[in-house]
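I opened a new notebook for this chain and went through it topic by topic. The entries below follow the order in which I looked things up.

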Amino acid sequence: MTRSLRAGVSLLAFSIGAQALCGQALAQDASQAEAPAANAEIVVTAQFRAQNLQDTPLAITAVSGELIASRGQTNVSEIASQAPNVTLKPQGQELGPGIIAFIRGVGQTDPNFALEPGVGMYIDDVYLPTLTGSLLDLTDLDRVEVLRGPQGTLAGRNSLGGSIKLYSKKPEGSNTGSIEATYGRYNRIDVRGLFDVKLAENLFMRVGGVTKNVDGYVKRLDYNLTHPGTNVPTFAKGADPVLGKLGGTSSVAGKVSLRWQPSDRVDINLSGDYTRERNEPGANVLLYANTSAVFDGPNATFTGGRPFLQGTNGAGIPLNCAFVPNGVNSCDTISGYDRRFISYATYGDAARPDSQMPYKPTFTDPHSNLDNYGAALTIDVDLSDALKLKSITSWRKYTADWSYDSDGSPIANNNLNQTQKNRQWSQELRLSGKVLDDKLDFTVGGFYFDTRGTFTGRINLNYAGIDFLHGPDPTPAKNKALFANFTFALAEGANLTGGIRQSWDEKDYGYVRRNPDGTAIQGPCNFFLGAPTAGPTGIGNQPNCLLFGLNGLTASFRDSRVDWRVAADYRFSPDFMAYAQVSTGYRAGGVNPRPFFPSQATAFRPETITAYEVGFKSDLFDRKLRVNVSAFFNDYKNIILSSVNCLDLATAGPGGSSQATPCLRPSNVGSAHVKGFEVETLIRPVENFTIDGSVSYLDFQYQNVDTLSTGVTLKDVTPYTPKWKAAVGVQYDIPDVLKGMVTLRLDGAYQSKIYTEAANLDSLLVSSTVPANSPVTPSPFSNSGGGGSITTLRLSNRIDGYFLANARVGWQSEEKDWGVTLEVQNLTNKYYFLTLLQEAFGAGTASGQPGRPRTWSVSVRRSF
């Protein structure tokens, strides 16, 4: 954290120094534009041309940079709190630095390259192909556009559920700048700075930098030191029981933008950015533990099991309720700590080596790192008064590296360290114009996208008896598209819009599997050849022999698709416009990137949507009341979701043995009908008082499902899809206070219950003595129960509904050169979960990512 803070201060020092070099120029133009009215127009480019938000026949939430600042939002996941039918969550610890994104029930949780995001993420019209690296900072933005529904003909890349587009402020040569510093709870230290300067005639530069640092809020404790007399050995290096923390962040980011306008018909923008994160692992607490934590025994009768962790008295230690700090599945005895924010994770595997698992012990550095950088060149040329050409060229690269200890205990049943790398290049060309006396507005263009990604990991799954190197698995992919969009003015106030897009997708996947020392995996397992061993992971088998046959396998995906859109809108008056549209979209298929057996290396088909939508946009009562409403029906087919239990492979192994777990397989789970509505409003009842709000409803109904393979039933819904969402923001400005203005703001957001897995699970009662899935006693659980004082445990992947509130009090001087803000987030100190991970059927655990408790911060801003 200290290194990132120093780097951030250095970057901001450069920013301030450059301002000083501008000297007199900065002093001459220090004033800023007046703050816009609450219902000021927002210009969006969702249909390839600049339009007033209220004239765009789409379900779109547009948030200005000013509103983002007034809400105190700092990353893109926070935008979703106010956007109807949109869910953005930071990834759980298991999947590293990124986001989970769903819109109208369409989305994705897995950031692997083999899957395309169901929600398209863009920064300045540059497409980001994975969820990794998509938890974008909101520094120096002009606006954010959240487009709901398929964007097959309206975006750089097919986006089935919708698109989230961030647009940076362009250099203007205004000779202005600002710096802001924030301090808050958990040693939060943020520093942001920017300046905009005129370098020469028609040449401008804008530089922005930010460093963000905050300590984690989940404590990792040594179980031995906090439970005197326990049989669990210590992992501490001294007398301090705190091994570390989870959920802390330390990042620095910077962006330099150049703008050259050689003539009044040419606008050239070149930008480069870099983000460096050196974070703690994501916050994670154990919620359910139920495994005996032993490897298969050394003989055919499954006796003499080898423990994952040997206690101080030599006996094996089971993983059970004793290591769950809080909740209905806890029998922990700890005191003196907030049990809701405790983990006993060690990021170590202290198992003793033997001939079947010779690569023990092993330890991982707890971390979640990201290096993300790129450059973009956008050229706008007015070929004539009626014809415009836009070129968007981009190159980006990132490396993400993170560790994961899902069991939250010293007993290593599931420890991973993973690295994902990506390099991408894209080119988009658009030709826009107006013909037929400006009655026909058109855009035609093409898009090319080339990406080269690799995934590598030390995958240590003791519960499955395997510990191996995954990758580097190469996943080269390309997407090419031609598109056209036309809007014809049928009459005064009436428009008909049509769009079409032809796409071509190709993706290759290669499987590389080796032992941790780099040697080749030997097989088949001696057990399958008749050796008297306790299953394929018992002593007498070759290490990792279950993976034999995967190394060197390749797979590929090729497909093409035509998508279209037809929309009509009519403006009944200057205050009221209605629209209707039908559109299609698709998400490319692929092949399972994480097979643990050759039988799991299965393909999945593309998923498709046909979406029907009607709505209206209105500004009423002398523009004091804005109400936008949309209603939709989606025919959603071949839905791609990840399964954590490959039920169809329960007897797929040699001799009828199970290959159902471990499993993390993308599958086409079925088809559904999805309908709902969305309402957004902005109200200014009196001067200096504004209210913004939204409410949404979504009814997701499967029409057919593949229960046998995936466990999904007709009553389930897609993950991270609440039936109801609502948000409200209230702001009151008080002028003439200490020669400035005081702003009071309160924001609240509600979401109803969600499920975090494709197969929804409200509550399943599980015996702590459940038998393992052996030839003698078949069971859906791979491992036998862990015992403990709680004999019946409760398993769930449901997050109950919750309401969160934030409050801000700010003061800004009349000249707008000074500002101070006090902010409280999670005002009611609500305990809630952002994500859950249910691994009970394989690993015997379930864990969750709790949200931060109540926090406060104070910010000081100086503008030049």
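**Entry 1: a surface tryptophan.** I began with tryptophan 856, which counts as partly exposed at 39% relative accessibility. My cut-offs are under 20% relative accessible area for buried, over 50% for exposed and partly exposed in between, with a 1.4 Å probe and protein chains only. Tryptophan 856 sits in strand S49. Strands here are DSSP runs of E with at least two residues, numbered from the N terminus.

Before going on I noted the ground rules. This is a predicted model, in which local features need pLDDT of at least 70 and side-chain atom pairs count only at pLDDT 80 or more, while totals for chains, interfaces and linings use all residues. Residues are numbered from 1 along each chain as its sequence is written, and side-chain values use heavy atoms, with hydrogens and water left out.

**Entry 2: the patch around it.** Which residues make up the nonpolar patch on the surface? I listed Tyr183, Ile189, Tyr732, Leu744, Val809, Trp818, Val820, Leu822, Trp856, Val858 and Val860, with about 910 Å² of accessible area together. Strand S46 (818–825) and strand S49 (855–863) are the elements that give two or more residues to this patch. A patch takes residues with over 30% relative accessible area and no salt bridge; nonpolar side chains (Val, Leu, Ile, Met, Phe, Trp, Tyr) are joined within 5 Å, and like charges within 9 Å. The areas come from the Shrake-Rupley method with a 1.4 Å probe, and for residues only the protein chains shown count as cover. A salt bridge would be a side-chain nitrogen of Lys or Arg within 4 Å of a carboxyl oxygen of Asp or Glu.

Entry 3: Next I followed strand S37 (residues 665–686) and its pairings. I count two strands as paired if DSSP finds at least two bridges between them. Strand S36 (residues 625–643) runs antiparallel to S37, and 17 bridges join them. On that side I found serine 630 opposite glutamate 678 in S37. S37 is also antiparallel to strand S38 (residues 689–705), with 15 bridges. Isoleucine 683 faces isoleucine 691 in S38. S37 and S38 form a hairpin with 2 residues between them, and asparagine 688 in the turn has a positive phi of about 75°.

**Entry 4: an open sheet.** I then looked at a sheet of 3 strands, which is open, has the order S15-S14-S21 and shows mixed pairing. Strand S15 (242–246) and S21 each have a single partner strand, so one side of each is left without a neighbour in the sheet. Strand S14 (residues 218–221) and S15 run antiparallel and are joined by 4 bridges. Leucine 221 has valine 242 in S15 as its bridge partner.

**Entry 5: disulfides.** How many disulfides does the structure hold? I found 2, taking a disulfide as a pair of cysteine sulfur atoms within 2.5 Å.

Cysteine 321 and cysteine 331 form one of them, with sulfur atoms 2.1 Å apart. Both cysteines lie in the loop between strand S20 (306–307) and strand S21 (342–343), so the pair ties together parts that are 10 residues apart in sequence. Cysteine 321 is buried at 1% relative accessibility.

Cysteine 525 is joined to cysteine 545 by a disulfide, S to S 2.0 Å. This pair links parts of the chain 20 residues apart, with both cysteines in the loop between S30 and S31. Here the torsion is about 105°, so the disulfide is right-handed. Cysteine 525 and cysteine 545 are buried.

**Entry 6: backbone exceptions.** Most residues other than glycine have a negative phi, and most peptide bonds are trans. I looked for departures from that.

- Glycine 523 and proline 524 are joined by a cis peptide bond with omega about 0°; proline 524 lies in the loop between strand S30 (513–514) and strand S31 (554–573).
- The bond from glycine 471 to proline 472 is cis, with omega near 10°, and proline 472 lies in strand S28 (residues 466–491).
- Arginine 104 has a positive phi of about 55°. This arginine is in the loop between strand S5 (99–103) and strand S6 (106–108), and is buried at 2% relative accessible area.
- Alanine 293 has a positive phi near 60°. Its place is the loop between strand S18 (285–289) and strand S19 (294–295), and alanine 293 is buried at 0% relative accessibility.
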